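Dear colleague,

Please find the structure below for your records. A short account of the findings follows it.

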Amino acid sequence: MATSAPAALRKTALNAMHRRSGAKMVDFGGWDMPVEYSGLIAEHMAVRTGVGLFDVSHMGDIQLRGPDSLAAVQNFSMNDASKLQVGQAQYSAMLYPNGTFVDDVIVHKLGENDYLIVINAGTREKDYQWIRTQSQKFHHCHVSDYSDYYTQLAIQGPRAAETLAKLTNVDLSTIKNYWFTWGTVCGLHNTLIARTGYTGEDGFEIYVPSDEATSERVWNEVLEAGKEFGIIPCGLGARNTLRLESAMALYGHEISETINVFEAGLGRYAKLEKGPFVGSEALEKITADGGPQRKLVGLEMIERGIARDGYPVLDANGVKIGEVTSGSPSPFLKKNIALAYVPVEVAQVDGEVAVEIRGNAVKARIVPTPFYRRPKKQA
C-alpha cells in the first residue's frame, strides 16, 4: 500500500542564510529551524552577559479588527485585555472549556478595535482555527492570519538596547517591558518594536517584511551593530535553556490540553473578575473545590544527574508521584535544574524528592522559581 510522503518542513525567510552560516538545523513543530550555531552554552552565555540574535519568524501573528474585537479577545483569552492601552502587550492564554491550555499567547493592543495575538509555532494552525471559531459569534470582528508576512527577530540580552539603538530612530528607553511602538529600523518605516522576549533578559522583538532579501539585510545589520557587545546568532537550544532558567512555560511541557491554569502556577493571569470567558467556569469550580491537586515546582539536583523531560519524580519510598516537564544543565547557574509536576502536599520549597535517571533514584531539592532573575539596573 502506498504511503504518503512526509509533509515538507516549513522555512522562514532566513532559512538559506542559517544553512550558509553552518547552523545545525532541526525539525521544530514542522519548521526547519536552527537549534545552534556556535554551541548552546556559548549562545546562552552571550544572551545572559551581552546580546544574542534569534530568528523567531516561525511564531504566528493573528490580527483582530472591528468594533467587536475586544469582546472576542476577552472571550477567548483569560487575561483582561480591557486594561491594555494602545502600545501595550500582556501575557495571556487561550483555554479549553475545562480550564486547560489551547496555548499561551501575547496580546498586543495596536489601536482601538485592533489587536495582535502572537501565538506559538508548533500550534499555529490549531490556534488560528480556535481564534476564528471562538470569534464567529462576534459579527463585527475580522480575524486575519499575518504570520507569513513578517520576519520576527528577537534581540535579547543586557546589551540589546545598545545594539538596536544604532539601527533605529526610536528612543528605546521610552519603551517599557511589555510595551511596543512603531519606528524606523534599518531604514524600514513603521517597524513594530516590542520590548518582549522569551529569555528572561531585557530585549526586543522586531517585525520586518518577510522577503528573503530584506530579512537577510536586517539580520546582518543587527549582527554588525552588536559586534562590539559580542553578539552572536542563537538557536532554539539556547532559547530553551534561557526560558527554563527563567521558568517560562513551554507548550507541550509545562502547559498543555491536560494541564490547567492553576496547576501551571499561572492563575495570576486568569482574570475571573472580568466576567465569563472560555474556561472560566471550570477555573471557578477548581477554586471552589479547594484548588489544584498538583503543582509545577522547580527542582535542583542534589546528586549527580540530569533530570530530562519526561523522567519520573519519586517520593522517599521510590513511588512515582510526578514527572519532569523540562530539565537541563543550567549554563549560567552551573547546576542541573528542572521543572516538574508533583502533588500539592509535596510541593514545599526545600522539600526533597528524587528523579529516576536510568533506573536510579537521584536526589533533588524543590527550590523557588524562577531559577534565574536578571539583575536590577543600577540607578
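Throughout this note, contact means heavy atoms within 4.5 Å. The model is a predicted one, in which local features need pLDDT of at least 70 and side-chain atom pairs count only at pLDDT 80 or more, while totals for chains, interfaces and linings use all residues. Residues are numbered from 1 along each chain as its sequence is written, and side-chain values use heavy atoms, with hydrogens and water left out.

I206 touches T151, Q152, L153, I155, L164, V185, T191, L192, I193 and V218, not counting residues up to four places away in sequence. A nonpolar core is a set of buried (under 20% relative accessible area, 1.4 Å probe, protein chains only) Ala, Val, Leu, Ile, Met, Phe, Trp, Tyr and Cys residues joined through side-chain atoms within 4.5 Å. In the largest such core, of 31 residues, I193 and I206 touch the most other members. Two or more residues each come from β9, α5, β11, β12 and α6; here helices (H or I, at least four residues) and strands (E, at least two) are DSSP runs, numbered from the N terminus. The largest share, 5 residues, is that of α6.

Strands count as paired if DSSP finds at least two bridges between them. Strands β15 (residues 312–314) and β16 (residues 320–330) are antiparallel, with 3 bridges, and P312 has E323 as its bridge partner. Strand β16 is also joined to β17 (residues 335–343), in the antiparallel sense, by 7 bridges. In the turn of this hairpin, K334 has a positive phi of about 60°.

Yours sincerely

How values were computed. Buried means under 20% relative accessible area, exposed over 50%, partly exposed in between (1.4 Å probe, protein chains only).
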